[in-house]
Structure formats: structure tokens, C-alpha cells
Amino acid sequence: MRNFKNNPVATSIFVLPAVLTFSMIVAYPLISTLLKSFYEWDGITAGTFIGFGNFSRLFKDDLFYTSLRNGFIFALILTVFQLGLGTVMALTILNGKTFGRNTLRRAYFIPVVLSVTVVCQLWLSMYNPEYGLFNKLFELLGISYRQDWLSSMSVTSIIAVTMVSSWQSMGYQMALIYAGAKSIPEHFYEAAKIDGATTFQTHMKITIPLLAETYKICLIFCINAGLNAFAHMQIMTKGGPGTSTYTLTYMMTRSAFRLDEYGYGCAIAVTLVLQCLLVTLIINKFIARERLTY
Amino acid sequence: MSKNVKKSISAILSVMLVVLLAACGSNKNNASSPPAQSSEPPASSASAKPSESASPEAEPITYSLQIHYSTDDEKAPADWAIAELKKLYPNVTFEITPQLNDNGEALKARIATGDLPDFFNIQPQHFDSAIQTGSILDLTSAWEASDSKTKMTQNAIDTQLKYTDGKIWAIPYNGAGIDPLYYNKKVFQDNGVKIPTNYPELLEAVKAFKAKGIVTIPIFAKEAWPIGAFFDMFAMRAHPKGMLALSNGEIKASDPAMADAIGKMAELIKAGIFQKGATSADYDTARAMFHQGKTAMLINGEWDIGEMVKDFGADIGNIDFMDVYPTTDAGKEDMNKDYRPGAAEMGGIAVSAKVKNPELAGQIAIALTEKIAQGNFVKAGRIDSTFSVEGLTSEIEMPEMTKKLLANKPSYKVEGTVEHSLPNKKFATGFGELLQKLVAGESAADFIKEVDKLQAETKQ
């Protein structure tokens with residue numbers, strides 16, 4: 001085995017398939033997209049090199065800022081909702097005294113395995129302004145807060161769509177946090193118990209601080225999912241009313257597939273990739289920098 | 001678990017993976033063999049030897065053809081057309097590939113790669129790229145030499161045949177289809193509301209229905225085209241081309257006549273003509289409200305008549321469409337009343353520039369298109385043929401509303417088009433989004449300002 005490890009030819013041969021596959025399905029499309037972002041290109045003809053023309057146009061485009069704002073709203077709500085409620089749910093089922101915790105664990109995870117189309121249709125019914133669950137609840141409670149949830153041009157629509165995504169993926173974050181919490185050695189809790197700490201204090205002082213690395217991963221997932229959001233808008237609002245629920249991903253498909261401006265679409269895609277990379281780098285730089293070992 | 005057991009399991013899994021990959025590889029090889037469509041052509045397109053009447057130089061020739069050929073409604077007219085064409089060109093055989101319902105994405109890729117079928121159905125949005133890349137045959141001279149030109153309807157010749165460069169690149173077979181404003185007489189009757197004949201009466205009707213909790217028009221405004229049809233019902237009174245005139249820059253939204261039409265629309269929306277949540281309502285949801293007899297009116301295409309007959313059953317007599325859209329002030333009902341929202345789209349059968357015997361191919365494209373248009377009437381009961389159907393009988397029984405539509409059609413003028421087919425794509429996309437904002441409650445003044453801005457930004 002030692003001889004094998006020291007043989008660079010053998011190592012290269014074994015690594016080559018993975019490198020080639022990665023190059024074909026990740027590196028090549030990325031580089032190709034980057035190159036095409038410098039062209040005025042309709043996806044069919046050769047295109048014309050315009051340097052940073054697409055990027056300059058992008059930063060002057062009002063729709064870019066609407067999309068960017070919506071991406072951040074989406075990311076923020078996903079983060080608060082999924083990490084907040086995900087933590088509460090994970091800690092609830094972590095507690096051995098919780099009644100029916102196995103059932104709860106499965107129930108929390110069910111939305112994750114449902115198709116996004118099914119989930120969106122379910123919520124479309126609940127958001128229906130005439131006979132939807134939410135407005136009916138307000139009516140029953142005598143509260144005059146009936147909303148046209150998905151047809152509002154204010155931020156109501158994007159928040160309404162984000163809630164659906166938050167609800168659906170919450171179980172996934174819960175599973176990550178739960179798995180992280182389960183790996184914390186029992187003796188920390190025993191020590192806390194001996195010191196007379198309450199459950200709340202134990203979680204605040206032990207569980208949550210020791211989950212810093214898990215939270216970092218969850219945060220990266222949440223923010224990138226928010227910035228890349230597409231499917232829920234496509235099914236529920238088609239980006240509307242008008243462009244009020246557009247995100248950068250939606251703007252990219254609009255440019256590439258509806259306007260045949262593939263070059264501009266590539267520039268949006270590059271901006272999106274850079275945005276996600278930047279956010280990931282910032283999170284890695286400032287959160288949970290020290291690796292915890294138990 | 002011991003290390004040996006783990007190793008054994010890993011080895012077995014690896015072998016299974018290799019076998020699976022090998023299986024996938026062999027499937028791919030099979031898939032690269034000629035497609036089923038071409039190896040097993042339908043009966044009508046099966047290779048037939050040239051008849052004895054064919055001239056000696058008429059060598060057998062096989063062309064590839066890509067048209068809508070997936071459902072029975074599509075296959076029957078196509079088979080009929082090919083059988084009729086065989087009588088004219090017995091030496092010509094077609095290998096049919098069904099066209100995908102993918103908004104033309106596959107065709108776009110084939111234009112880019114220069115891999116077009118000999119004959120294919122092209123949509124208007126692909127003309128520019130096909131012409132720029134020199135992928136399609138110019139059919140202008142073939143058309144000029146053809147007898148078929150005397151059989152095409154005048155509206156199709158005027159609006160669908162020649163592209164913006166004055167040349168003919170495709171022969172259209174689907175003529176102008178209109179978007180009627182359907183209404184349910186019983187809903188009006190039961191609620192004591194007068195069927196409107198002009199704008200003030202329509203506004204009164206909307207208010208009356210709203211007071212009773214009834215939606216006047218359920219609209220599926222998640223898509224922009226039905227809002228575009230609603231827009232044109234008003235805008236065409238100001239300009240016969242409606243939103244197409246806006247797209248072409250022939251009129252501005254702020255011009256008094258157009259601004260007045262937009263003002264009326266905004267007023268009706270504010271009064272509650274549409275259901276709440278209209279911009280997130282899909283086709284089925286909105287349409288079902290009318291088909292279940294819950295709402296007063298519906299904007300939809302001609303194609304919905306057949307479904308209405310099924311859904312309303314014995315009550316279909318309660319359903320009709322407006323002969324004149326109630327969208328003008330009283331006393332001005334006749335102004336531009338024959339102009340209808342709908343589509344007289346370009347596109348149709350085009351020919352690849354790489355086709356064998358281009359001269360013959362041009363003649364065949366024209367004859368084939370004529371037969372497809374007529375086949376749609378004979379076998380599918382469609383009434384939007386671009387060619388005369390005189391002397392032909394439809395095998396499909398026509399509902400009363402279709403008969404009325406057929407009788408009225410000669411007086412209808414369709415000079416506009418649907419929102420997604422506006423030739424200026426940038427304007428079309430932006431305008432669709434602005435229409436949604438109008439339905440969501442944007443004021444007429446803001447809408448006009450934004451349309452003027454969009455028009456200036458997207459001027460071609």
C-alpha cells in the first residue's frame with residue numbers, strides 16, 4: 001500500500017476520472033459562462049465581444065436591484081425561520097421527555113421530501129384571498145387583516161413565497177442541527193446537571209455554542225438557497241405581479257430564455273455565483289473559525 | 001463488522017456499479033440508433049412508390065418533416081394532408097418527427113447547430129435567428145409561382161405571410177384566432193343585471209355583481225396574454241392594432257385615445273371586474289369559475305368552446321360570446337367594432353436551406369401547408385384555416401357557438417397579436433409585466449408613464 005501511495009502514476013490514474021468529470025460538469029460550464037458574459041450573444045450566433053458591457057448594463061438595470069433585494073429578503077427570512085425554528089424543533093426532539101418525539105421528528109421532516117410543486121399548490125390554496133385558510137382564519141377571529149397575499153406589489157408577495165420555502169426546508173435544517181446536537185458528548189450535560197443548570201441554561205451554554213460549526217453550514221445553505229431561489233416563484237407567481245417577486249435566478253432565465261439575451265443572462269449568472277462565493281467566504285471567515293473537538 | 005466483510009461489500013457494490021454503468025452505456029448506444037418515428041413511419045407516410053403516372057424524371061424522394069404530431073387531433077389532419085399531397089406528388093415521402101411542446105427550445109438548438117429537418121413548423125420568434133444564420137429557404141419566388149396564393153384568405157396574406165423584410169420564409173396554416181368575451185346569460189338574468197353593450201353599462205354590471213359577491217370576469221393573470229386580450233378589447237377601439245401598435249411605436253400610451261382606453265380598464269379593475277388574487281391565478285382555476293356557472297364572463301380563446309359544450313351540457317344555450325365588446329362610451333359602439341383581439345401569427349411550414357431539390361421543396365411546402373390547413377378543418381373541426389375550405393366538409397360536428405363564429409369571421413379583422421407574440425420581444429416581456437401590475441391595482445397614470453418609458457427604451 002505504501003508503494004502504491006508513493007507511485008504518482010497510479011495515483012494520477014485513479015484521480016483522473018474524478019478530475020475529468022468535475023472539469024466537464026462544473027469547471028467547463030463555469031468558465032464558458034464567464035467567457036460568454038463578455039459577449040452580446042443570442043445563444044445561436046457567434047456573438048460580439050463587448051467587454052464589461054453586460055455588467056455595466058446590469059448595474060444600471062432597476063430590475064437587478066429589485067431582484068437583489070428580493071434575494072436578500074428571501075435569504076434573511078430563510079435564515080431566521082429555518083435556523084430559529086429548526087433549532088427549537090431539534091432541541092424539542094432532543095429532549096428525552098418530549099412526548100411522541102419520534103413521531104414529531106418524522107412529521108417535521110415530511111415537507112422536505114414533498115415535491116416543490118405539491119407544496120406550492122398546497123400553499124396557493126391557503127393563500128387564496130377568497131377562500132384560503134389564512135384569510136378565513138382572520139375572518140373567524142374577527143380581524144380585518146385579509147390580504148391578497150400573492151398579488152400585492154409590495155414586499156408581501158415575496159415574503160409570502162419565502163414562507164413556503166422556509167416551511168418546506170425547515171425539517172432539513174432541523175435534521176442537521178439535531179445530528180450536530182446528538183454528537184455533543186453526554187458528559188457536558190451531566191456536568192451541567194450536577195451544577196444545577198436548567199434545560200434552557202444547558203442549551204444556551206452548552207448545546208448552541210458547541211453547534212457553531214453546524215450553524216455555519218446551515219447558514220451557508222440558507223443564504224445561498226435564498227439568493228438562488230427560483231422554483232417557488234416560478235410555480236406560485238411567475239415572478240409577478242409585474243417583477244415584484246423576481247430574484248437574480250429569475251432575472252437570468254428571463255434574459256436568457258425569454259429575451260434571447262444569453263450574454264446578459266451569463267453576466268447575471270456570473271454575478272450570482274460571485275455573490276454566493278462572497279457570502280460563503282465571509283461566513284467562513286467570521287463564523288466558527290476555531291474547529292471544536294470534544 | 002469486520003474489515004473483511006466491509007471489503008467484500010465494497011467489492012460487490014463496485015461490481016454492481018460497473019454493471020449498471022455498462023448497462024447505461026449499452027442503452028445509450030441503442031438510443032443512438034434511428035428514432036422510432038423514422039423507422040416506423042405512420043401508415044400515411046409510409047414509403048410509397050411513385051405512381052405510374054409520375055414522370056420518368058420524378059425520382060422517389062424522402063423528406064424529413066417536423067410538425068405537431070403527438071395527439072389524435074394533430075395526427076389525423078397531418079395524415080389527411082400527407083395523403084392528399086401524395087396525389088399531387090406521388091414520388092414524395094415524408095419521415096415525420098413530432099414537434100416538441102417546448103416553446104421552440106429544441107428548434108432553437110437545431111437552428112444553432114444547422115441540423116434542421118427538411119420541412120418544419122417555425123414560430124415567429126425564431127425567424128430572426130433562422131434568417132441570420134441562413135438556415136431557411138426563401139419561399140417568395142415559389143409562392144409567386146404557386147396557384148395556392150389564390151386560395152389563401154386575404155387576412156392571412158395581409159398579416160401573416162410576409163416577414164418584416166418583405167420576404168416569405170414560412171407558409172402559415174393557422175389563421176387568425178380571436179379571443180371572444182364569453183358570457184353566461186343565466187348569471188346576468190338571475191341577478192337582474194343587464195347584458196352590457198357599452199362601457200358605462202359594463203361598469204354598472206361590474207358594480208352590481210360586486211355588490212352581490214359575484215366575480216364578473218375570472219382572469220388567469222399569472223399569464224400575461226389574457227390580460228393582453230382584455231387590454232386589446234379597449235385599446236383596439238383607439239387603434240386597430242391595439243398593443244401591437246404600442247409595440248411598433250405607432251401610438252403612445254399617453255396619446256388621448258389610448259390613455260382613455262387605459263383609464264377605462266383601470267377603472268373597471270378598481271371596481272372589481274376581476275377576482276382577488278388574479279395575478280397568481282392559473283388557467284384551470286380561473287376558467288373553472290366560469291365553467292361552473294359561478295361568474296358572469298370569461299376571456300379565453302376559441303378553443304374553449306368545445307370544453308364549454310362538455311361542461312355546461314344541456315345549459316350550453318346560456319353561454320354566448322359578445323358580438324361587440326362593451327368597451328366604448330355610449331353612442332360610440334360602432335367605432336372599430338370589427339377589430340378583435342387574438343392572433344394572426346406569422347410562422348408555419350418552413351424549409352431548411354440544406355434541403356434536396358430546393359425548387360421542388362418550395363412547391364411542396366406551399367402545397368403541404370394548404371393541405372394541413374384544410375386537414376385541420378376536415379379532421380379536427382378547426383375554423384382558422386389560412387386557406388379556403390370551400391367544397392370540404394368537416395367530419396367534426398360543430399357546436400352552435402362555433403357555427404356563429406364561423407359565420408361572423410368574415411367581418412372580423414385581426415390586425416394585432418397576442419402579448420407573447422409581439423415582434424419586439426423586449427417590449428413584449430416588459431409590457432406583460434406592466435399589465436400584471438395594472439391588474440394588481442396600479443393607477444392608470446403610472447401605467448401610462450411606464451408604458452411610454454418602456455416603449456422609448458425598447459424602440460427598435
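The model is a predicted one, in which local features need pLDDT of at least 70 and side-chain atom pairs count only at pLDDT 80 or more, while totals for chains, interfaces and linings use all residues. Residues are numbered from 1 along each chain as its sequence is written, chains are lettered from A and ligands numbered from 1 in the order in which they are written, and side-chain values use heavy atoms, with hydrogens and water left out.

Two packed helices are described by the angle between their axes and the distance between the axes. For α5 (residues 101-113) and α8 (residues 156-182) of chain A, the angle is about 130 degrees and the axes lie 5 Å apart, where axes are lines fitted to C-alpha atoms, for helices over the stretch in contact, and angles run from 0 to 180 degrees between N-to-C directions. The crossing of α5(A) past α8(A) is left-handed, a label given if the near helix is turned anticlockwise from the far one by less than a right angle, with clockwise giving right-handed. On the side of α5(A), the residues that make the contact (heavy atoms within 4.5 Å) include Arg105(A), Tyr108(A) and Phe109(A), and on the side of α8(A) they include Trp167(A), Tyr172(A) and Tyr178(A). By class, this contact of α5(A) with α8(A) has 9 nonpolar, 2 polar and 2 charged residues; Ala, Val, Leu, Ile, Met, Phe, Trp, Tyr, Cys and Pro count as nonpolar, Asp, Glu, Lys and Arg as charged, and the others, Gly among them, as polar.

The contact of α4(A) with α11(A) divides into 12 nonpolar, 5 polar and no charged residues.

Chain A as a whole has 14 helices and 2 strands, these being DSSP runs numbered from the N terminus (helices H or I, at least four residues; strands E, at least two). Of its 294 residues, 44% count as buried, that is, under 20% relative accessible area, with exposed over 50% and partly exposed in between (1.4 Å probe, protein chains only). In helix α3 (residues 53-60) of chain A, the buried residues are Asn54(A), Phe55(A) and Leu58(A). They cover an arc of only 95 degrees around the axis, which puts them on the same side of α3(A), the arc being that of the directions from the helix axis to the C-beta atoms. The partners against which these buried residues of α3(A) pack include α2, α4 and α14 of chain A.

In chain B, Ala365(B) lies in helix α15 (residues 358-380) and Phe119(B) in strand β3 (residues 119-122). Ala365(B) counts as buried because its relative accessibility is 0%, and Phe119(B) counts as buried at 0% as well. Leaving aside neighbours within four places in sequence, Ala365(B) is in contact with Phe119(B), Ile349(B) and Val351(B), while the contacts of Phe119(B), on that basis, include Tyr63(B), Phe94(B) and Ala365(B).
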